[in-house]
Amino acid sequence: MLYTFKSKVTGNLIMLPAHGARLLRIIGKEPGAQGIVLPAQMPDALRALEAALAEEDAALREAAQAAKAAGEEVPEPKDVSLRQRAKPFMDMLRRCQAAEESIV
């Protein structure tokens with residue numbers, strides 16, 4: 001099942017199940033067929049996503065430093081990063097928060 005995030009102020013945002021579910025878990029929502037993010041919940045959701053991004057960035061920096069210290073090449077990321085997946089959702093959250101509109 002694809003996740004389609006909809007609002008009155010943005011276009012639809014469609015994500016594959018694994019990515020949509022991961023973002024929902026980060027913001028404290030249970031992945032499911034239907035749900036809603038209210039404007040009052042959006043600041044906490046954005047903070048949770050920012051914290052998850054900072055955590056991922058720190059892990060990538062640590063891996064790069066360990067590789068350099070061992071004299072190895074810094075590995076290229078194999079997957080699309082959380083930051084790349086979360087940015088459109090975060091933009092949607094910010095726009096909806098400013099307009100005081102929910103995301104369903």
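What follows is a conversation about this predicted model, going from the whole chain to single residues.

Student: What are the dimensions of the box that the C-alpha atoms of the protein chain fill?

Tutor: The accessible surface of the protein chain comes to about 6,900 Å², with 52% of that surface belonging to carbon and sulfur atoms. Taken along the principal axes, the box filled by the C-alpha atoms is roughly 50 × 25 × 20 Å.

Student: Among contacts between residues at least 6 apart in sequence, what share joins residues at least 24 apart?

Tutor: The protein chain has 104 residues, and buried residues make up 30% of them. Among the contacts between residues at least 6 apart in sequence, the share that joins residues at least 24 apart is 65%.

Student: Which elements do the buried residues of H1 pack against?

Tutor: Helix H1 covers residues 17-26, and its buried residues are Gly20, Ala21, Leu23 and Leu24. Seen down the axis of H1, these buried residues fall within an arc of 160°, so they line one face of the helix. The elements that the buried residues of H1 pack against are strand E1 (3-5), strand E2 (13-15), helix H2 (42-69) and helix H3 (82-99).

Student: Which residues are exposed on the other side of H1?

Tutor: H1 is followed by Gly28, a residue whose phi is positive, near 85°. Returning to the helix itself, the exposed residues on the other side of H1 are Ala18 and Arg25.

Student: Which residues lie closest to the centre of the largest pocket?

Tutor: The largest pocket holds about 330 Å³ of space. Its lining consists of 18 residues, and those closest to the centre of the pocket are Thr4, Ala33, Gln34, Gly35 and Val104.

Student: Which element gives the largest share of the lining of the largest pocket?

Tutor: By residue type, the lining of the largest pocket divides into eleven nonpolar, four polar and three charged residues. The largest share of this lining amounts to three residues, and the element that gives it is E1.

Student: Is Ala33 buried or exposed?

Tutor: Ala33 has its place in the loop between H1 and H2, and its C-alpha atom is 8.1 Å from that of Tyr3, although Ala33 and Tyr3 are 30 residues apart in sequence. The relative accessible area of Ala33 is 70%, and the cut-off to apply is that a residue over 50% is counted as exposed. Ala33 is therefore exposed.

Student: Which residues does Pro39 touch, not counting those up to four places away in sequence?

Tutor: Pro39 is also found in the loop between H1 and H2, and with a relative accessible area of 22% it is partly exposed. Pro39 and Gln97 are 58 residues apart in sequence, yet their C-alpha atoms are 5.1 Å apart in space. Not counting residues up to four places away in sequence, Pro39 touches Gln97, Glu100, Glu101 and Ser102.

Student: What is the phi of Glu100?

Tutor: Glu100 lies in the segment after H3, and at 63% relative accessibility Glu100 counts as exposed. Although Glu100 is not a glycine, its phi is positive, at about 55°.

Student: How far apart are the C-alpha atoms of Ala99 and Met15?

Tutor: Ala99 lies in helix H3, and at 36% relative accessibility Ala99 counts as partly exposed. Ala99 and Met15 are 84 residues apart along the chain, and the separation of their C-alpha atoms is 23 Å.

Student: Which residues is Leu53 in contact with, leaving aside its neighbours within four places in sequence?

Tutor: Leu53 lies in helix H2, and at 2% relative accessibility Leu53 counts as buried. The C-alpha atoms of Leu53 and Leu93, which are 40 residues apart along the chain, are separated by 16 Å. Leaving aside the neighbours within four places in sequence, the residues in contact with Leu53 are Leu82, Arg83, Ala86 and Met90.

Technical notes: Residues numbered from 1 in each chain as written. Predicted model: local features only at pLDDT ≥ 70, side-chain atom pairs only at ≥ 80, totals over all residues. Heavy atoms only, no water. Buried < 20%, exposed > 50% of the residue type's maximum accessible area, 1.4 Å probe, protein only. Helix = DSSP H or I, 4+ residues; strand = E, 2+ residues; numbered from the N terminus. Arc of directions from axis to C-beta. Contact = heavy atoms within 4.5 Å. 1 Å grid on protein atoms, 1.4 Å probe; cavity = no way out; pocket = protein on both sides within 12 Å on 5 of 7 lines; lining within 4 Å. Points joined across faces, edges and corners; volume = space filled by probe spheres on them. Nonpolar A, V, L, I, M, F, W, Y, C, P; charged D, E, K, R; others polar. Areas by Shrake-Rupley, 256 points an atom, 1.4 Å probe, with all protein chains shown as cover.
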